[in-house]
Amino acid sequence: RVLFRSDVPGEIVYQRVMYRAKAGDGTPSNLRADDTPETLRVRLREYHEKTAPLLELFEAKGMLVRVDGVGSIGEIYQAIRDSLGLPEPKTDDNGT
């Protein structure tokens with residue numbers, strides 16, 4: 001069993017969440033309560049204070065796999081596959 005850590009700088013996390021907040025149609029029913037700059041700052045602070053220290057424990061036990069979380073979905077997916085040593089997916093004659 002492993003734990004994946006997608007390493008993403010805080011400023012990129014902020015940009016992604018703010019983009020997600022704008023991607024909806026703007027109606028209150030389509031917005032998440034935690035998609036505000038203030039709430040995000042609190043969530044990131046709590047993450048760094050309470051969750052991030054646990055990464056050292058998992059790393060010491062050899063259970064932590066770090067992947068670069070900056071890039072396209074395909075690049076991140078490939079980094080995860082590579083970290084697990086998985087072979088490339090098989091394709092048929094049509095390339096699917």
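A salt bridge is a side-chain nitrogen of Lys or Arg within 4 Å of a carboxyl oxygen of Asp or Glu. The views below come from a predicted model.

**View 1. Arg-5, Asp-7, Glu-59 and Arg-66 are linked in a network of salt bridges.** Arg-5 pairs with Asp-7, and their closest N and O atoms are 2.6 Å apart. Glu-59 meets Arg-66 at 3.5 Å, N to O. Arg-5 counts as buried because its relative accessibility is 18%, and buried means under 20%. Asp-7 is partly exposed, with a relative accessible area of 25%. Glu-59 is partly exposed at 42%. Arg-66 is partly exposed too, at 39%.

**View 2. A salt bridge joins Arg-45 to Glu-49.** Here the closest N and O atoms are 4.0 Å apart. Both residues belong to helix α2. They sit 4 residues apart, about one turn of the helix. Arg-45 is partly exposed, at 46% relative accessibility. By the rule above, the model has 4 salt bridges.

**View 3. Helix α1 spans residues 10-23.** The helix has 14 residues. From first C-alpha to last, α1 reaches 20 Å, close to the 20 Å expected at 1.5 Å a residue. Which residues of α1 are buried? They include Ile-12, Val-17, Met-18 and Ala-21. Helix α2 (37-60) is part of what covers the buried residues of α1.

**View 4. Val-2, Phe-4, Leu-84 and Leu-86 make a nonpolar surface patch.** The patch covers about 320 Å². Leu-86 is found in the segment after α3 (73-84). Its relative accessible area is 39%, so Leu-86 counts as partly exposed.

Terms used
Residues are numbered from 1 along each chain as its sequence is written. This is a predicted model: local features need pLDDT of at least 70, side-chain atom pairs count only at pLDDT 80 or more; totals for chains, interfaces and linings use all residues. Side-chain values use heavy atoms; hydrogens and water are left out. Helices (H or I, at least four residues) and strands (E, at least two) are DSSP runs, numbered from the N terminus. The expected span of a helix is 1.5 Å times one less than its number of residues. Buried means under 20% relative accessible area, exposed over 50%, partly exposed in between (1.4 Å probe, protein chains only). Contact means heavy atoms within 4.5 Å. Patches are made of residues with over 30% relative accessible area and no salt bridge: like charges are joined within 9 Å, nonpolar side chains (Val, Leu, Ile, Met, Phe, Trp, Tyr) within 5 Å. Accessible areas come from the Shrake-Rupley method with a 1.4 Å probe; for residues, only the protein chains shown count as cover.
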